Amino acid sequence: MVRALTYGVLIFLSALFIMPFCWTFVTAVKSIPELYQYPPVFWPSALQWENFATAWFKQPFDIYLKNSLIVVVLSTFGQLLSSSLVAFGFARFHFKGRDAIFILLLSTMMIPWDVKMIPLYMEFNMLGWINTLKPLIVPAYFADAFFVFLLRQYIMTVPVEIDEAARMDGANSWQIYWRIHLPLMMPALVLVGTFHFMNAWNDYLGPLIYLNDQSKYTLTLGLSMFKGLHETDITSIAAITVILCIPPLILFFFAQRYIMNGAIGSSVKG
Amino acid sequence: MGTNPDSAAQRSRTLEKLTPYLFISPWILGFLAFTLGPLLFSLVMSFYDWPVVGERTFIGIENYEIMLTQDPLFWDSLWVTIKFGLFFVPFNIILGLLLAVLLNQRVIGSGIFRTIFYLPSVISGVALVTIWAWIYSHEYGILNFLLGLAGIEGPNWLGDPSWSLLAIVVASLWGLGGTMLILLTGLQSIPKELYEAAKISGVPAWARLLFITIPMLSPMLLFTFITSIIAAFQQLTIALLLTGGGPLESTYFFAMYIYDNAFKHFEMGFAAANSWVMFLIILALSLFVMKSSSAWVYYEGEMKNKENADG
Amino acid sequence: MKNLKKLALASAVAALTIGGTAVAEDVIRFATWNGEENLEIQYEIAKLFEAENPGVKVQVESYADGYDKKLIAAFGAGSPPDVMYMWNYPKYYKSLLPLDDLMARDAEEMNLSDIPAALINTTRIDGKAYGMPAGFTTHVVFYNKDMFAAAGVEEPKEGWTWADLREKAAKFRDKESKTYGIAVSAKPDPFDFEQFLWSNGTRFISQDGKTIDGFMNSPEAVEVLDMFAEMARNEEAVMVGVGENSSSSALFKGGKIAMFQSAMWSKAGIEAAGINYGVAHLPSFGDKPVHSSVPASAMSVAKDGKNLELAWKYVKFFSSPAAVKLRTNDLPIRTSVAEELNMTSDPVFKPFFDILAVSDRETNAFLKHENWGKIQTNLERAIEATMLGKGDAKTNLDDAVARSARHLN
């Protein structure tokens, strides 16, 4: 009975959640006359598969893909490393000014980007980083507050006794971080990796502001080129959106099982 | 060097003292390099009449004065944002929790379900808005088409001030896959034994949720609470692209007020003053939540005393 | 001495490596708001320029929908592109190079008399021109010939009025298939909307840019706004602009509206959707003269650029006959090119040029007052409220005038 209800709710909700993707896909493979029909065409009379290739080759998307991959891979690595270090620092030590610094860290999440934009642009300009991928990569090596907070909350749920036992065995703080907490954090790290990956993959504003030359553009910038001031190429937007969804989705599908890999619950604590 | 045991011990003690700072140093350095400067810069800007191009003039607190006493849009947009937050924050957390609890069970195809619920978060903003416009359109939208099949005449979702904010709330909630994942991750760290013991003693499911899951999940709930508040205040993209703040400012969020002052009216100083006020409001709310959290958040791994931590 | 030489050599090498290609070539940074389709044309013209000017490299920077944001960041931080498309002269003119002297100097070479003065006037602030037009459009009414034939409605004729348009529009209304005669927007861009006030003998703000009371809320303005609200109420028109901006274009392409008031930028899309269309003049209000807004794609030069002469050369090139001919998505600024391509007699293009000839009396409101942006916010609110049936045009426009009082000085 409860089972059936669970499945009922899940299936109903997932129908709602999968709709955007289905609609985007259907839009991508429609012919132009069908695109604008009403009542809407739910399944096109003939699937225009070539729309994907057409959209891809309208712009140098190969180059955009390369740039996006560079940004996403390098920055995700930096984010995982730096935010887990910082989170461990906040979660497992008492030190002077800790709480004040932590509030400061939290507060950086609350600054609207509108006002940071110009000063940051000036700074990156002075560093000679404008029109390079650096502004999109380097800051990730200095720990984002959102992820630090997330990981810190996660670490706080891990019993201290684990650390104490390791310390008894002569481990120092770095070893405790590296050998004990990093593996224990795995679900949360996968989460951080996923979130950061998606943020970087879908980031529009950063690339728009810091990149000038088409050879430096990322995928989302290419996507936005289909939206002009007056007219929008809906088919191409839908086609590229579908293509852009696929790599993160596949990656997520394989990553999410590690989120479910609750190591503490079963083995350590028992 | 290593012959004097005293100095070696002292060195290692100093090192111990430094260790926490070394751990958090990446963030400190990043803050100094990429945040502090722009932050102070924007504070200075907020006391200036600062057009994007042209002369900048120091005007003291005039920007703050105009905002608080002369510009009705400031209060209007603040009120819209608060209304949005009152809907968005609880629903985001409750629905996220519901999904997380459902998916934490042994469900066939749970991986696929999790992927589906995260799907809207994967689709980039440009396409999401096209989809919502298609759903909400008054004459030609799919929502009113479906309601029409049921014999109901649907409202003008985005064109009627009494529905538009709700429509934006629903569209925003579509991205709750992220919250679901965070809570799902939190659920992983709850020892299964607790549930088994409770089950054996005959504790019903709702009580297990209330007395085991929620307290054990409270650190993650605190996280989603605070980040949802921040998200509510920074809500911009969907409304900007879907309604442009209308109709009649019913979806004119505070973030859009800042955005317009900066990018439509080119008043960077005024926008900076707006931002600082917004910043202080969120900070106050977050501090309040953080302070209250000691009463309802339970940390399994909290340091019981100072000695433990410093080794 | 020997050391000094070595040092000089070393620094020269260093300069070469650091400077990279910049030493070998002059680079022009050229920013455009064009999206993918029109972008091709920008690249073509840039390539043509490079071919004629060896040693010059044009870096085309396209930002499409994000153009305004990008420009604010770049100007605000003091590193704007050398040459850029411009529309927002009031906000940027202090950082732009006035072009009058250069135009006067090169008038003969540029054959300036071939370019309608009305186009250059759209770039003037305090009498100085800050942009050189490269393309433009005027406003027209596209109509679906097949729908007109099927409904047995007579196609629009030259000299038609809004009353004629409304009468025709009413005949297309069909509840079952959700078909309408035309679309009206609840959130029109005031830049274009002002043309209806002009055509009815008024304007948003006085010619000297000092008064809005009696203009923005004049009986003529009220009449225009009430008419559009009534068209929506009577179902002669479907109301769009709540939700998605491009929706009236989508409705026309989907055969849901028979007429579509728009400009050159819609033409390529309509053709791609396979609509059998005709182009009609903008209708008039009774026997008053029609006046269209003239959105021009004009190019400006950043005042503090490194190589102003080269930047100007590039701007000039965009208005040359060769470049103008390549621009198929807007209209040629050169009368000679328009005539050479038979556009002035082609029934599709003729209405665009006919109205250009009579659209030089007015200046857009935003060029007349530095706080126009804030006044416009109130105006937009009044238009939207009226269209959504919250109060009549008179009340709402009066309210907008009252709200704008503090921005006028």
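Modeller: Here it is, and please keep in mind that this is a predicted model. Let us begin with helix α8 of chain A, residues 145-156, which has twelve residues and reaches 16 Å from its first C-alpha to its last, close to the 16 Å expected at 1.5 Å a residue.

Biologist: Is α8(A) mostly covered or exposed?

Modeller: Mostly covered, since twelve of the twelve residues of α8(A) are buried. Among the buried residues are Phe146(A), Phe147(A) and Phe149(A), and the list also includes Arg152(A) and Gln153(A).

Biologist: Okay, switching to chain B: how many helices and strands does chain B have?

Modeller: Chain B has 14 helices and two strands.

Biologist: How many residues of chain B are in contact with chain A?

Modeller: On the chain B side there are 87 residues, in contact with 89 residues of chain A. The largest share of that chain B side comes from helix α1 of chain B, residues 5-45, which contributes 19 residues. By class, the side of chain B that touches chain A divides into 57 nonpolar, 23 polar and seven charged residues.

Biologist: Now chain C. How is chain C divided into domains?

Modeller: Domain 1 of chain C takes in 2-136 + 297-344, while domain 2 takes in 139-293 + 371-404. The centres of these two domains of chain C, taken over C-alpha atoms, are separated by 34 Å.

Biologist: Which numbers describe the contact between domain 1 and domain 2 of chain C?

Modeller: Five residues of domain 1 of chain C are in contact with four residues of domain 2. The side of domain 1 that touches domain 2 has two nonpolar, one polar and two charged residues.

Biologist: Why does Ala64(C) count as buried?

Modeller: Ala64(C) is buried because 23 other C-beta atoms lie within 10 Å, and the cut-off for buried is 20 or more.

Biologist: And what about Asn342(C), is that one buried or exposed?

Modeller: Asn342(C) is exposed, because it has 10 other C-beta atoms within 10 Å, and 12 or fewer counts as exposed. Asn342(C) also has a positive phi, of about 60°, without being a glycine, and it lies in the loop between α16 (335-340) and α17 (350-357) of chain C.

Biologist: Before we stop, where does pLDDT stay under 50 in chain C?

Modeller: Over residues 7-23 of chain C, for which the model has two contacts beyond four places in sequence. The mean pLDDT of chain C is 89, with 93% of its residues at 70 or more.

Biologist: What are the ipTM and pTM?

Modeller: The model scores ipTM 0.87 and pTM 0.89.

Methods
Residues numbered from 1 in each chain as written. Chains lettered and ligands numbered in written order. Predicted model: local features only at pLDDT ≥ 70, side-chain atom pairs only at ≥ 80, totals over all residues. Domains from an automatic or database assignment. Contact = placed C-beta atoms within 7 Å. Nonpolar A, V, L, I, M, F, W, Y, C, P; charged D, E, K, R; others polar. Helix = DSSP H or I, 4+ residues; strand = E, 2+ residues; numbered from the N terminus. Expected span 1.5 Å × (residues − 1). pLDDT = per-residue confidence, 0-100.
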